[in-house]
Amino acid sequence: MKLNERSLAFYATCDSPADNTGFLYKKGERHTAYHRRWFVLKGNMLFYFEDRDSREPVGVIILEGCTVELCEATEEFAFAIRFAGARSRTYILAADSQPAMEAWVKALSRASFDYMRLVVRELEQQLEQMRLGSRRRTEPLVPPRRERSLPSSGSKENGCAVWSQESCSLPNGTLPRTSHEGALRPPPLPPRRKPSLGSSPVPLLVPETPFTPGTTTFSQLHDWYGQEILALRREWLESRGQL
Amino acid sequence: GEKPGLTCALDRGSLGFPFGAQLPHSFLISPPVVKRRLVKLVVNFLFYFRTDEAEPIGALLLEHCRIAEEEPSVFSISFIEEPDRKYYFECSSEEQCQEWIDALRRASYEFMRRSLIFYRNEIQKMTGKDPLEQYGISEEARFQLNTHQA
């Protein structure tokens with residue numbers, strides 16, 4: 001399968017923050033020998049380099065739809081990145097120490113796109129609640145957000161499908177609040193459409209599409225629900241083999 | 001073409017899996033040839049398939065990329081390290097094109113990270129407390145304001 005490898009290599013070596021770096025021993029695919037590689041965890045991707053100074057990664061593991069677990073292996077401080085499915089493989093890695101192994105397992109467990117999206121959602125909702133609270137609204141202006149899970153597949157958020165159906169939980173075991181808990185809440189506000197700057201650097205404190213509850217109009221909400229309905233309808237037609 | 005040595009592992013088993021509401025088909029244009037492809041956006045990757053095949057031909061990582069509207073129904077993706085090389089996609093309508101553009105611009109991990117930092121900062125300003133502390137993740141590198149590696 002082709003990939004835009006230059007982009008991957010660029011992402012691996014650019015100055016966006018890495019969540020963990022270090023040497024790990026990686027068990028070879030066909031042989032039982034372990035090879036020492038320099039690993040860099042960025043976003044939902046685990047890159048590995050021949051050496052710390054290498055300019056390009058030798059490989060990348062995309063951390064979606066996998067589990068990270070401790071494992072029994074001939075090496076001490078070993079852990080596994082396990083993908084489900086008949087043709088998928090398991091990556092066995094080994095650290096130099098117990099603390100290093102624990103740090104890697106923790107970091108890798110939280111590396112998925114879904115996890116990040118959960119945390120963002122959680123903070124969005126917190127901020128939304130605070131803003132509504134500060135305006136002293138007694139009732140929401142719009143109907144409550146209904147359950148958005150689609151039959152037989154993962155939810156679609158931010159226009160992006162999720163990789164797997166498994167639900168994520170936040171690290172201390174709490175699940176994100178669903179829209180059915182507590183008082184009725186308005187639906188998520190659609191991001192404001194702005195002329196885009198593409199991916200050019202933006203000031204860190206300003207995302208490209210900030211929520212601004214006070215400026216939402218009915219037509220924006222209408223568009224939002226409309227898009228959701230179109231998406232559901234499309235899925236329904238596809239499931240009936242009509243698309 | 002592919003460079004030898006860069007191997008990519010991903011959960012191939014998941015790809016045959018219904019993704020929920022798939023964004024509609026688009027056309028991949030490699031001037032002057034137009035090829036019809038099924039395109040699927042999954043997390044921060046854009047997979048593309050021949051329309052009758054289950055395995056993708058390839059994928060584009062959507063980090064540090066620029067999504068631009070080229071014509072009313074055509075958008076392009078280009079990457080920061082190779083800005084002149086564009087991947088063109090022709091959609092079936094302007095509306096579909098805009099939907100794709102919006103979705104792709106929000107699809108990167110970097111975008112989510114910036115959003116998270118923004119919300120964290122806003123909440124901290126309003127409450128004086130760091131909302132990430134309760135999850136034990138406030139020290140993680142990716143959530144810090146300063147993007148330079150330590």
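This is a predicted model: local features need pLDDT of at least 70, side-chain atom pairs count only at pLDDT 80 or more; totals for chains, interfaces and linings use all residues.
Let me begin with the nonpolar core. The largest nonpolar core has 37 residues, and the members that touch the most others are Met45(A), Phe47(A), Met116(A), Phe45(B), Leu116(B), Leu132(B) and Ile137(B). Helix H3 of chain A, residues 113-135, supplies the largest share of this core, with seven residues.

I turn now to the charged residues. How many salt bridges does a search of the whole structure find? Over all chains, there are 11. One of them joins Arg82(A) to Glu69(A), with the closest N and O atoms 2.8 Å apart. Arg82(A) lies in strand E7 of chain A (residues 78-83) and Glu69(A) in strand E6 of chain A (residues 66-70), so this pair ties together parts that are 13 residues apart in sequence. Arg82(A) has a relative accessible area of 34% and is partly exposed; Glu69(A), at 29%, is also partly exposed.

In chain B, Arg50(B) forms a salt bridge with Glu53(B), the closest N and O atoms being 3.3 Å apart. Arg50(B) is partly exposed at 37% relative accessible area, and Glu53(B) is partly exposed at 36%.

A further salt bridge links Glu110(B) and Arg113(B), and here the closest N and O atoms are 3.2 Å apart. Are these two residues buried or exposed? Both Glu110(B) and Arg113(B) are buried. The two lie in helix H2 of chain B (residues 109-127), three residues apart, which is about one turn of the helix. Finally, a network of salt bridges links Arg131(A), Glu122(B) and Lys125(B).

The next topic is the aromatic residues. The count comes to 11 aromatic pairs over all chains. In one of these, Phe83(A) and Tyr91(A) have ring centres 6.2 Å apart and planes at 80 degrees; planes over 60 degrees apart count as edge-to-face, so this pair is edge-to-face. Phe83(A) is buried, at 7% relative accessibility, and Tyr91(A) is buried with a relative accessible area of 5%.

Phe75(B) and Phe89(B), by contrast, form a stacked pair, with 5.0 Å from centre to centre and 10 degrees between the planes. Phe75(B) is in strand E7 of chain B (residues 74-79) and Phe89(B) in strand E8 of chain B (residues 82-90), so the pair ties together parts that are 14 residues apart in sequence. Phe75(B) is buried, with a relative accessible area of 1%, and Phe89(B) is buried at 2%. In chain A, one aromatic cluster is formed by Phe39(A), Tyr48(A) and Trp104(A).

I close with charges placed over rings. Which ring does the charged end of Arg36(A) sit over? That ring belongs to Phe23(A), and the charged end of Arg36(A) is 3.7 Å from its centre. In chain B, the charged end of Lys40(B) sits over the ring of Phe49(B), 4.9 Å from the ring centre.

Conventions:
Residues are numbered from 1 along each chain as its sequence is written. Chains are lettered from A and ligands numbered from 1 in the order in which they are written. Side-chain values use heavy atoms; hydrogens and water are left out. A nonpolar core is a set of buried Ala, Val, Leu, Ile, Met, Phe, Trp, Tyr and Cys residues joined through side-chain atoms within 4.5 Å. Buried means under 20% relative accessible area, exposed over 50%, partly exposed in between (1.4 Å probe, protein chains only). Helices (H or I, at least four residues) and strands (E, at least two) are DSSP runs, numbered from the N terminus. A salt bridge is a side-chain nitrogen of Lys or Arg within 4 Å of a carboxyl oxygen of Asp or Glu. Rings of Phe, Tyr and Trp (its six-membered ring) pair if their centres lie within 6.5 Å; planes under 30 degrees apart count as stacked, over 60 as edge-to-face and the rest as tilted. A charge sits over a ring if NZ of Lys or CZ of Arg is within 6 Å of the ring centre and within 35 degrees of the ring normal.
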